[in-house]
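Here are a few exercises to work through with your viewer open. Try each one before you read its solution.

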Amino acid sequence: MLLSDIACVLALTARSQAYVQALARHDIELGRYLILSDGRPPAVPPENLKELGSGRYFDIDESVFSTLDSRKIGYEVIPSRDINGAEVQEALQKIPQRYILYSGYGGALLKPHLFRLGKKWLHIHAGMLPQYRGSTTAYYSLLDRGSLGATAIFLNEKI
C-alpha cells in the first residue's frame, strides 16, 4: 500500500530502523524518504538494545538503507544531521507530501521556519504525554508504572 501524501524524515537511529522495518513488514510504502546523514556511521547500539532488536521487534543489524534498498524504495540522503538546517528546508520545499513522519536525532527540536512550510509534522513520542516528557521517558514510566507507552502527536511551534 502506497501512502503517497506522507513523507518520512529519518535519522540513522534504532527508532528509524524499527519504523522502516515495520512499514516494510506490513507492505506500506510512504511517498518519500529523506535520510539525515552527514556520513558519520551510526552509533553502535548497546548490547541490551541488540537483544531487543534481534528479530523480536526489528533487526538492529539491518540498516535503514538496507531495508529500503532490499525493497527497491528510493530515498534522498540529506548531508546533515541538523533537522533545522538549510539543506533540510530546501529538500522539504521540493516535495509535494503534506504530512511528515519525523524520526530525528535525539534532543533536536524543530524551529519555527519548518512549520511555515505548510507541512504537518507527526512524531511518535516515546512516552505517555503529558506525564512523561523529555528523553528518558521509558525509565520513569517503567519505574512508576511498570509499563511503557507512546504518544502520537502533530508537532507545532509550541511543542
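**Exercise 1: the core**

Which residues have the most contacts inside the largest nonpolar core?

Solution. The largest nonpolar core has 34 residues, and V9, Y33, I83, L92, L110 and W121 have the most contacts inside it. Elements that each supply at least two residues of this core include strand 1 (2-11), helix 1 (14-25), strand 2 (29-36) and helix 4 (86-94). A nonpolar core is a set of buried Ala, Val, Leu, Ile, Met, Phe, Trp, Tyr and Cys residues joined through side-chain atoms within 4.5 Å; buried means under 20% relative accessible area, with a 1.4 Å probe and protein chains only. Helices (H or I, at least four residues) and strands (E, at least two) are DSSP runs, numbered from the N terminus.

A note on the model: it is predicted, so local features need pLDDT of at least 70 and side-chain atom pairs pLDDT 80 or more, while totals for chains, interfaces and linings use all residues. Residues are numbered from 1 along each chain as its sequence is written, and side-chain values use heavy atoms, without hydrogens and water.

**Exercise 2: the sheet**

What order do the six strands of the open sheet have?

Solution. The order is 3-2-1-4-5-6, with mixed pairing. Strand 3 (76-78) and strand 6 each have a single partner strand (pairing takes at least two DSSP bridges), so one side of each is left without a neighbour in the sheet.

**Exercise 3: H125**

Is H125 buried or exposed?

Solution. H125, found in strand 5, is buried, with a relative accessible area of 12%. A polar atom of its side chain lies 2.8 Å from the backbone oxygen of Y132.

How values were computed. Buried < 20%, exposed > 50% of the residue type's maximum accessible area, 1.4 Å probe, protein only. Polar contact = N/O pair within 3.5 Å; in protein donor to acceptor, adjacent residues only side chain to side chain.
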